[in-house]
Amino acid sequence: MQDRYRLGAPQLKPYGGMAISPAASCLHCATQCFKGMKVYRGFDGKLRLFRPDRNAKRPVMSAKRVALPGFDDGGLVKLVMALIQLDMINRDEVIEYIETHDAQIAESEADRDVILCRKLELAHEELWPSHKPAWKTIIIHRGAYFSGNDAEIPVPSCSRIDVAFIAHHAIADGLSGVAFHTAMMDNFEKASTMAGEPTWPMAINGILTPPRPVEDAIDLSGSATSETIDTSGFVWTGGAISLDDFKSRIQLITIPSHQVLRILDLCKQNRVSMTSYLHALICTSLCKTLEGAPGLRAITPYSLRGFAATSPRDIVNHVSHMLTHIPSTRLDAIRESKSNSRVEHQKIIDLAREFGEDIAAELKRFPRGSALANLSQIQDLRAYCLSQEGGERGSSYELSNLGVVEKWVSADGILTLERLIFTQTGMVVGPAIGFNCVSIRGGPLAMSSTWQDGIVDDVLIKAVTRELEKRLMSVDAALTD
């Protein structure tokens, strides 16, 4: 009986008619409340609410007086602010434009990557306001490069534009970044036909229907299991989980296109995937760098777009992951092998094949026992994550490989997609290091290493990254006995 006198969960819906029972008391006894909370548009185009907290408290008092169900006045303010956000987008909330100066133009490619990484690090450290868009774009215009060694009369050669799509992981997975850049490049072709500059704030006509959440697209009932993580032997997982003074870090390496072809050829010859081979090289680089050659636990995210029949153009978070334990004895054998020897090479290939077998088995049994199914059993994910503070991490590293993206050149040949980069914020309760890869067909492979400052020593990260880059750049080197 009590549920009849409670309001249901609030929802934002497109404007339209309302279904109401003929027996509703408001039609017979006029038991109603009305509140005209207003939104004002300023001369700057921004929308403002006048004392929304006071306005929201009044209908609560009125409802009590006429014996109507009460509601959370603070929740009402949040709903109104969300409704305003649905109707329009402010430019400064979703776009940040940076113009470099001439002094920066002469910097090397590595120096330009440092500037980009620092900007991405700051973006990863920012929290998303609850009433603002959970995404933004950062545009860095590098100006013109200059050709020739004689700086007296520089000749403009080309200019570079870095476009970063930053999104909350709750609404976007790694492939959503690819979807954004694909849509952006397609719209470059239409830019010349667009009339004038866009109008800000940008009004949205109607409420767009979002893609289905993965929980609605895939039946997870009965798929959760009580399997526990293999904790046998010492496993390196970096520093303890900490929520204090969070800072995110990024290290970036780029493997040129000719070397990517050699890596792909090696994978084809040994019948292993690029993801599996990268896993084996990461494990090798870590065990060659870490003292004591401890065991490792590796996370491999995998896309669920195929399972959920999701369009590659959708911005969604349709992803799960698997956990692989690599015991110290397995890594000891690699560590004790001579570098660049045939013995070491074979052990690396064997480890890559094991990763491949584990990934294939995980995909075959999905969704049973999947991380997604198990996470769906946690009622309050935020409280669960906060409860982990001070404890040990469950994994050593994560490898997210987005695969290959088609190369893009504008019809007039002026614009060319030079490189794609995928980064993540340093994970607070996740693995100590995140390795993130994406490549362009016929172009370079970009790999970023991301971590939380203070959880992994910078010297260790540089050593592991240097070792990994050296091995990727020498896959075709002659092996010794």
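Biologist: Why is Arg 54 called partly exposed?

Modeller: Arg 54 has a relative accessible area of 45%. Buried means under 20%, exposed over 50%, and partly exposed lies in between (1.4 Å probe, protein chains only). So Arg 54 counts as partly exposed. This is a predicted model: local features need pLDDT of at least 70, side-chain atom pairs count only at 80 or more, and totals for chains, interfaces and linings use all residues. Numbering starts from 1 along each chain as its sequence is written, and side-chain values use heavy atoms, without hydrogens and water.

Biologist: Where is Arg 54 found?

Modeller: In helix H2, residues 52–65. Helices (H or I, at least four residues) and strands (E, at least two) are DSSP runs, numbered from the N terminus.

Biologist: What makes strand S13 largely enclosed?

Modeller: Eight of the eight residues of S13 (445–452) are buried, so the rest of the structure largely encloses the strand. Leu 445, Met 447, Ser 449 and Trp 451 point one way, while Ala 446, Ser 448, Thr 450 and Gln 452 point the other.

Biologist: How do you know that S8 and S13 pair?

Modeller: Pairing requires that DSSP finds at least two bridges between two strands. S8 (residues 248–255) and S13 have eight, in the antiparallel sense. So they pair. Leu 252 has Ser 448 as its bridge partner in S13.

Biologist: How many bridges join S12 to S13?

Modeller: Seven, and S12 (residues 433–440) runs antiparallel to S13. Asn 436 has Ser 448 as its bridge partner. Four residues lie between the strands of this hairpin, where Gly 442 takes a positive phi near 75 degrees.
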